[in-house]
Amino acid sequence: MTAPAAIPVVQRGSLALTLRRLGRDPAIIAALVFIVLVVIFALSAPWISALTGHSAIEQYRDTGLSEMGLPVAPNAEFLFGTDHLGRDVLVRLAYGAQVSLTVGVLAAVVAALIGITVGMVAGYFGGWVDTVLSRAMDLVMSVPFLLCALALVSVFGPSLSLSIGVIVFFSWTTMGRVIRGQVMSLRRQEFVEASRSLGAGPLSIMFIDILPNLSVPIIVYTTMMIPGSIVFEATLSFLGMGIVPPAPSWGGMLADAAGNSLYLVAAWLVLIPGLALLFTTLAFNILGDGLRDALDPRGRPVRKAAKGKAR
Amino acid sequence: MAVLEARHLSVDIPTEDGVIHAVRDVSFALEAGELFGIAGESGSGKSVLTQAILGLLPNAIVSGEVLFEGRNLLGLKPAELQSIRGSRIGMIFQDPMSSLHPYYTVGSQITEMIHAHEKVEKPVARRRAVDLLARVGIAEADRRFDSFPHQFSGGMRQRVMIAMALVLNPPLVIADEPTTALDVTVQAQIVALLDEMRRELGTTVVMITHDLGLLSSIADHVMVMYAGRRMELGPSAPLFAAPAHPYTAGLLASSPANYEAGAELVPIPGRPPSLLETPAGCVFAPRCASALPRCTSEAPPLRVFSDGLQSLCWLEGPPADAAASVAAVAKAPAADETVVKAEGVRLTYGAGSLFNPGAGFEVLKGIDLELRRGETLGLVGESGCGKSTFARVLAGLIPMTSGKVALLGRDLGSLDPRAWQAMRREVQLVFQNPFGALNPRRRVGAIIGDPFRIHGLAAGAERKREVQRLMELVGLNPEHYNRFPSEFSGGQRQRIGIARALALNPALIIYDEPVSALDVSIQAQVLNLMRSLQRDLDLTYLFISHDLAVVRHVCDRIAVMQAGQIVELADAETLYRTPQHPYTQTLLAASVATPPRHPAAGRTLVASHVPEAA
């Protein structure tokens, strides 16, 4: 029983509410734990290398290859086995994780920044500005990305920065469209009108009034773009257009396994990098979905009806 | 025999913040053929109550008993409830725009109701639907049967909704705020139609509304709810003439229609309680003017009076009539200085198209208006008449097509952008929707400080001091400087909006329906604040509203607008007593006020049930 004095409803802060909602779903917790483990795994690549005494590119022909010259299966010395050149798969996986995460996060963030800028400008100004930018987005979306990527790589030669550039170029449009739509509805809100009537300029309205209201889609879509970029990088590396061998990357490792049908005798060469790729992208996707539900509970009508009454 | 009887009905809704006790121990009974009104402010549980009865709240915990045609509705299976909904109990919802399916014709949506519950041939169903459409006042019903909802106006759609609710001739119809989304003149027609249909068909009607004036004109019995509890129940006439519960009395005293123009309103102080809490005493005690010491600690008894009123209160006699003791406050007459002068303002949308010049839609058709310093000018009209558009033209948010607006003697059309920017601070807007007008992601201090930031005035500690002074001025706690808008109630948000408008000491403040989204008791608080600010700071107001009672209360002069033109402009009282234009007369006739209060003669306390200690 509380005292009848007019005590305001104690509302949980939005951060606390979000964490509570996130914590309710075991799949999201599992995804988060997995992502943290992958990050730790990637960061500790040098220590793994030191512990095992193996480098990522050195070939251990004496112990890492059988007498027939085939890779050895996982054993005490090589926990995840070796590849066709007798290199340690565990160490290569760890260094490959560094590449995947760097490319994934960096490309997603850069693409998000471009998408936010273009989307905000298109959505806020409308008119011909919107027409030009929207058509540009349509144009980028209709370019066959793999063909274009291969052409670029064959002209400039494969490199990490080119991979990131290509991924960014083909993935900012998603964010751009989402932000444009949001801004178009936000700029008709009365609080924007209030700012305009006070004499605020377009920059002030865009950054101070509109941008903070975009935080939810920005967080969610950036998170969802990370797995896309990771897969994109793996695809490029698989085709030999991404990371330059012998530097390890998950896509490159898969390509090595596929070459010469080696996976028929050494299944771990496909399974280990393949499952790492699968679970990493899955974890980021689950996290993105979970963040969307937790930050923006509008998709769940039952809870919304109940929340409305609490106010 | 009662058509519907609820006994000790309680509804609890579990949420993330805890269990909301939306309805607490509510009992009532409906006599056949009556119109039963449920009144209350938002959050009082009046809609939740009926939704729970119909089984429309899947995740709520409903306890008690609801007897309908000899069966307890709460014990029925979903399928049984479904067959009762529509055929035995009709529903009319608030928003006729969204309760009709946009992709089906109006007629097919009505016949679908018939086919869902009865086995009839298609032509028979069609004939029945057409008959009913004609009876609810749809002209050329046979032809309009095949129209789509978007081809109907709001009032026509609500007529269709009524036809849908009545097509299976149910003994009971529940109407949840059936006229809230409609204009006053349409509202009067719809209410008259509802009344006529129930007399003709003998239908029992439950009408949920926040509008006491409306209920007083048609309801037979009225139940007043507050924070999920039944505060007062009884026949309409004594309940409105001499309410037994202080909350009902407070609601009536909050309505500007019950005052002489210009009087200070007596609002109910404070704000509704959280439904998460379960106070030991009376829920209304913290806001009650007649509260006794025991009210906060002991649950109130049910008092039954000789004229049929039942009140959940410790008071044994009627509460004092707060409105009676208030005299009009004299206001300084407006100065002779002109603040704004609009001449021949026109606005056309879509004009100047290359292929079809001159085929635009004319929103404003030449408006002349003059505001003098210190006065309040009311701008009244129904939705779509262009009153909000005109406000935005004055505020410089929408460029006008032709005409002239002079602010403080300077023609806005001749200003260069820099001077225009400086002029912006002279006209400020306060918006209707207290939820949309404040940026949800910014702190209140930053929102009220925006005018200073944008015009490069008062920075740092000085700005904070200014903001806190403004917050104090509008009756907000300055310590709440760092809160977000969502932590404030609707009335408080409107105060924030007013504080922001006041910041730069503008020559003109435009209020665009400032109180129409607020509950009556909160509305009175905000209206009082606006009046006292005007008195103290010598402000000039343009007050836009559809509510004539409110406009009459706050305004010195009233301009009536219809279809982009001002059809009548006169002093408030003159306009009220001797309206000239037929449109003004229609508007005035359509607005209903509660009947005047008079002391309850011969009312005696018959019984009183003290609740057992829970």
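In chain B, strand E19 (residues 508-512) and strand E20 (residues 541-545) pair in the parallel sense, and four bridges connect them. Across this pair, B:Asp512 has B:Ile544 in E20(B) as its bridge partner. The structure is a predicted model.

Both strands belong to an open sheet of six strands in chain B, whose order is E18-E19-E20-E15-E21-E22 and whose pairing is mixed. The edges are formed by strand E18 (427-430) and strand E22 (565-571) of chain B; each has a single partner strand, so one side of each is left without a neighbour in the sheet. From one strand to the next, the twist averages 20°.

## Helices packed on this sheet

Helix H15(B) packs on the sheet and touches E18 and E19 of chain B. The direction of H15(B) makes about 175° with that of E18(B). Helix H19 (residues 582-590) of chain B also packs on the sheet, where it touches strand E21 (557-562) and E22 of chain B. The direction of H19(B) makes about 105° with that of E21(B).

## An antiparallel sheet of four strands

Chain B also contains an open sheet of four strands, in the order E2-E1-E4-E5, with antiparallel pairing. Its edge strands are E2 and strand E5 (71-72) of chain B, each of which pairs on one side only. In general, the strands of a sheet pair through backbone hydrogen bonds, either parallel or antiparallel.

Strand E1 (residues 2-15) and strand E2 (residues 18-31) of chain B are antiparallel and share 10 bridges. A hairpin of two residues leads from E1(B) to E2(B). B:Ile13 stands opposite B:Ile20 in E2(B), and B:Leu9 has B:Val26 as its bridge partner in E2(B). E1(B) also runs antiparallel to strand E4 (residues 61-68) of chain B, to which seven bridges join it. Here B:Ala6 stands opposite B:Val66, while B:Glu5 has B:Leu67 as its bridge partner.

## The largest nonpolar core

The largest nonpolar core has 246 residues, and the members that touch the most others are B:Ala163, B:Leu394, B:Ile510, B:Leu542 and B:Phe543. Helix H4 (residues 89-125) of chain A gives the largest share of this core, 20 residues.

Which residues are in contact with B:Phe543, leaving aside its neighbours within four places in sequence? They are B:Thr376, B:Leu377, B:Gly378, B:Leu379, B:Tyr511, B:Val551, B:Val554 and B:Cys555.

## The contact between the chains

The contact between chain A and chain B takes 29 residues from chain A and 43 residues from chain B. On the side of chain A, the elements that give two or more residues are helix H8 (190-198), helix H9 (202-210) and helix H13 (301-310). H8(A) gives the largest share of that side, eight residues. The residues on the side of chain A that touches chain B comprise 14 nonpolar, eight polar and seven charged.

Terms used
Residues numbered from 1 in each chain as written. Chains lettered and ligands numbered in written order. Predicted model: local features only at pLDDT ≥ 70, side-chain atom pairs only at ≥ 80, totals over all residues. Contact = placed C-beta atoms within 7 Å. Nonpolar A, V, L, I, M, F, W, Y, C, P; charged D, E, K, R; others polar. Pairing = 2+ DSSP bridges. Core = buried A, V, L, I, M, F, W, Y, C linked by C-beta atoms within 7 Å. Buried ≥ 20, exposed ≤ 12 C-beta atoms within 10 Å, placed from the backbone. Axes fitted to C-alpha atoms, helices over the stretch in contact; angles between N-to-C directions.
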